Amino acid sequence: MQSDEQLAGSAQRGNALAFSALVERYQERLLRFLQARCRCRADAEDAVQDAFVDAWRYLHSYDSRWRFSTWLYRIAIRRAGRQQTSTGGEGLEQLASGDDPLAACIAADEQKNLWLIARRELTEDALTALWLQSVEEMALKDIARALQRSLPWTKVSLLRSRRRLRAVLAEQSSVKSGSEAYG
Amino acid sequence: MDRLDEQLRNDAAAISADVSVEDKQRLEAMLAATPQVPATRRPATGLRWAALAAGLGSFALVILLQDATPPVVEAPVAATPVYESVPPALLTVPLRVEPADLTEPLQQELNALRADVAKARESIERDLRVTF
């Protein structure tokens, strides 16, 4: 099985099938990631398509010394940002009212999904950094590169995000145990 | 990997990401219709080199101008400080001297002036007597 970088190199030489293989590999992963970032599934789907089109269009600018996933996620993050700007941002108000569109993409029995909490509690870049590390298992330098942030910022952001999520979870569990005790 | 990481990964997997056949076909059609941008030398690189060359050029120009400017001749500085050329007797004041000793020359000068004034007054009075 060819690596992402080998397929990208082959696609750079004009092999459309190699790029199709990359699309096949990353389509669902990107959609999942962008759903955690975008306001709704439709926006995430549009951002995925635009990201792949951009990747194809500017494939020659890809430097094979870097991981293909880092480059692709960087494009996707930029696309998600544009999507939000063009559709307007009610985001925070919507989240505050408890009507998170991400919830619609998660099955009813999965409503305690940690990403819903992460989306509510963390900034966009902090959420992205956390996703890239914990789900995509990216190295710190790749995350920093994808987000166009410094390495120290990335480290601090990840530490703070985890601490925040742990605090929220601890709070929730204490409230739960308290209500069970009195209920 | 701790519990939080495990939960984050499991919860990410729980997010539905099924891509419909229509969406896949739409993307394929979009890719087929999108031409690739040919690999060209990015203008930013050229600009970077131009900025570097301009910086080096101006640096060399500054050095050349500095060499071409005649050096400023500085006035010779006295080898010994001025106070060293004054006799030490004039610089030092005896600490135990009486105040009268210090003011005596002034007092003498004042007396001489008063005597001059008295003489001048007598002379004027004499002249007045002679005239009237």
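**Exercise 1. Find which residues of H8(A) meet which residues of H9(A).**

Solution. Start with H8(A): Asp125(A), Thr128(A), Ala129(A), Leu132(A) and Gln133(A) meet residues of H9(A). Their partners are Ile143(A), Ala146(A) and Leu147(A). Contact means C-beta atoms, placed from the backbone, within 7 Å. Helices are DSSP runs (H or I, at least four residues), numbered from the N terminus. Now sort by class: five nonpolar, two polar and one charged. Nonpolar covers Ala, Val, Leu, Ile, Met, Phe, Trp, Tyr, Cys and Pro; charged covers Asp, Glu, Lys and Arg; the others, Gly among them, are polar.

This is a predicted model: local features need pLDDT of at least 70, side-chain atom pairs count only at pLDDT 80 or more, and totals for chains, interfaces and linings use all residues. Residues are numbered from 1 along each chain as its sequence is written, and chains are lettered from A and ligands numbered from 1 in the order in which they are written.

**Exercise 2. Describe the side of chain B that touches chain A.**

Solution. Count first: 21 residues of chain B contact 28 residues of chain A. Next, find the helices: H1 (3-14) and H2 (21-33) of chain B each supply at least two residues of that side. H1(B) gives the largest share, eight residues. By class, the side holds 13 nonpolar, four polar and four charged residues.

**Exercise 3. Trace the contacts of Leu34(A).**

Solution. Set aside neighbours within four places in sequence. Leu34(A) then contacts Ala44(A), Ala47(A), Val48(A), Ala76(A) and Ala80(A).

Note on methods: Contact = placed C-beta atoms within 7 Å.
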